[in-house]
Amino acid sequence: MATAQPFDYEGLFANNAPFTARAPNRRAKYDFAVAYPDPDTLPLDELVDSLKAALDREGKDLAYYPDPSGMPALRQLVVDKLARDRDIHVSIDDVVLTSGSGEAIGMLIQAMTNPGDVLLTEEYVYLGTLRQMRRYGAEVVSVKCDDDGIIPEALDSTLQDLKDQGKTVKFLYTIPTFQNPLGWTMTLERRRKVLDITGQYGVPIFEDDCYVDLRFEGEDVASFHSLDDSGRVLYCGSFSKIVAPGMRMGYLVAPPDVMGRAFSFKTPSGVNQFAALAIEEYLKNDMYQHIDDQNQSLRAKRDAMLASLGENFGDAATWSRPEGGLYVWMTMPEGVDLAALQEQAFNEGVGYYNGMMFSPEGNGKNMARLCFGHPTTETVSDGVAELAKILTKHGVLGG
Ligand SMILES: Cc1ncc(COP(=O)(O)O)c(C=O)c1O
């Protein structure tokens with residue numbers, strides 16, 4: 001039989017559907033690139049037991065499509081947790097479960113952005129968010145930060161400049177706790193100022209609080225959401241950091257008018273009910289104990305990374321000392337190109353993400369995010385030593 005000519009789809013695609021390569025996840029021997037949690041503290045047996053208990057009780061309901069907003073009992077758990085831990089008081093109607101908080105972020109970006117609108121971020125920002133902002137045509141503008149968070153004067157002058165240029169700013173996206181990738185937690189004073197300044201320009205805040213439970217040192221800082229009583233703060237959170245990213249479960253919290261629009265971009269038929277049942281049943285019994293266990297392990301890994309950076313990099317670099325979260329932000333002298341070396345380092349056994357990947361303006365090639373959540377404590381130490389060796393070999397360190 002003659003082989004048919006492949007069908008030509010050219011000319012049939014939607015204008016807003018760029019070809020997107022699908023690269024599988026790669027992991028180096030020493031993997032500091034991706035913010036994975038600690039695999040050894042994943043509650044696998046407990047999740048199986050919880051799923052079994054939940055299925056025994058309500059498994060036959062899997063014959064139905066789930067609630068479009070996500071399992072009510074898990075949304076109630078979110079409501080109760082937010083009230084208890086973040087002083088956020090909302091009802092389950094204000095909460096929609098999403099396929100990881102990545103979906104929540106995408107829904108809000110799509111609901112609020114026309115191509116060319118400005119979205120503000122911190123100086124370096126979680127690259128999943130940055131990609132989605134770009135994907136939907138936003139002009140992404142970053143605001144300078146220091147170790148206390150967004151610098152108020154910089155925020156004010158950026159907003160004034162944009163106003164003078166006649167540009168529309170749709171929201172400020174912030175990761176105020178254990179900022180990804182910078183690692184700091186924004187102080188209360190800064191949060192108040194940021195709320196105040198954005199308020200003067202009529203700009204909402206989108207608070208991404210997905211790391212807030214991973215605190216192993218210091219005190220929690222009040223959420224932006226709790227400091228506002230006007231509905232100007234939108235909020236998302238995730239179960240990726242306290243259960244597992246593989247479960248793909250997060251949530252968006254927004255007032256009805258915003259949620260109604262964002263919901264139009266939600267994948268239909270709710271979220272995976274299997275995952276929702278297991279998470280709800282597990283967390284209602286064991287949440288805080290599990291968070292404590294996980295954080296003890298993360299603290300040991302953070303300490304191992306800081307110690308190994310001290311031993312192997314000395315004063316050739318500076319780095320953050322996060323009180324929680326999953327990563328350290330390393331800065332090398334100007335002129336060092338960690339972007340150019342990234343692929344080489346990966347091939348030689350150490351994965352990291354260079355700063356440019358997180359910068360809306362493409363800055364930060366002398367910087368890198370090093371995640372310590374997934375490797376063992378020993379592997380963290382060895383991996384940092386290996387990174388130093390690789391950088392020495394390529395003439396960036398020592399000599
Ligand atoms: C700041 C931030 N927000 C959101 C996400 C998305 O996580 P998920 O979709 O797994 O909830 C991540 C993932 O690392 C993140 O770092």
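Student: Which residues come nearest the ligand?
Tutor: Ser101, Asp208, Tyr211, Ser238 and Ser240 come nearest, out of 15 residues around the ligand. Here "near" means that a heavy atom of the residue lies within 4 Å. This is a predicted model: local features need pLDDT of at least 70, side-chain atom pairs need pLDDT 80 or more, and totals for chains, interfaces and linings use all residues. Residues are numbered from 1 along each chain as its sequence is written, and side-chain values use heavy atoms, with hydrogens and water left out.

Student: How do the residues of that shell divide by class?
Tutor: Six are nonpolar, six polar and three charged. Ala, Val, Leu, Ile, Met, Phe, Trp, Tyr, Cys and Pro count as nonpolar, Asp, Glu, Lys and Arg as charged, and the others, Gly among them, as polar.

Student: Which helix gives the most to the shell?
Tutor: Helix H3, residues 100-112, with four residues. Helices (H or I, at least four residues) and strands (E, at least two) are DSSP runs numbered from the N terminus.

Student: What lies 2.5 Å from a ligand oxygen?
Tutor: A polar side-chain atom of Ser240. For Tyr211, a polar side-chain atom is 2.6 Å from a ligand oxygen. Asn180 has a side-chain N or O atom 2.7 Å from an oxygen of the ligand.

Student: How much of the ligand does the protein bury?
Tutor: The protein buries 92% of the 390 Å² that the ligand exposes when taken alone. Those areas come from the Shrake-Rupley method with a 1.4 Å probe.

Student: And where does the ligand sit?
Tutor: In the largest pocket. To "sit" there, more than half of its atoms must lie within 2 Å of the pocket's grid points. On a 1 Å grid over the protein atoms alone, a pocket is an open set with protein on both sides within 12 Å along at least five of seven lines, a cavity is a set of points where a 1.4 Å probe fits but cannot get out, and lining residues have an atom within 4 Å of a point.

Student: What volume does the largest pocket have, and what lines it?
Tutor: Its volume is about 1,600 Å³. A volume is the space filled by probe spheres set on the points, which are joined across faces, edges and corners. The lining has 48 residues, with Asn25, Val34, Tyr126, Arg131 and Tyr353 nearest the centre. H3, helix H4 (127-135) and helix H10 (338-347) are the elements that give two or more residues. H4 gives the most, with six.

Student: Switching topic. How many cavities of 30 Å³ or more are there?
Tutor: One. About 80 Å³ of space lies in the largest cavity. It is lined by 13 residues, and Lys81, Val212, Asp213, Ser238 and Tyr251 are closest to its centre. Helix H2 (72-86) and strand E9 (233-238) each give two or more residues to that lining.

Student: Back to Asn180. What joins Asn180 and Pro181?
Tutor: A cis peptide bond, with omega about 15 degrees. Pro181 is in the loop between strand E7 (169-174) and helix H6 (188-200).

Student: What phi does Arg248 have?
Tutor: A positive one, about 50 degrees, although Arg248 is not a glycine. Most residues other than glycine have a negative phi, and most peptide bonds are trans. Arg248 is in the loop between E9 and strand E10 (250-253).

Notes:
Polar contact = N/O pair within 3.5 Å; in protein donor to acceptor, adjacent residues only side chain to side chain.
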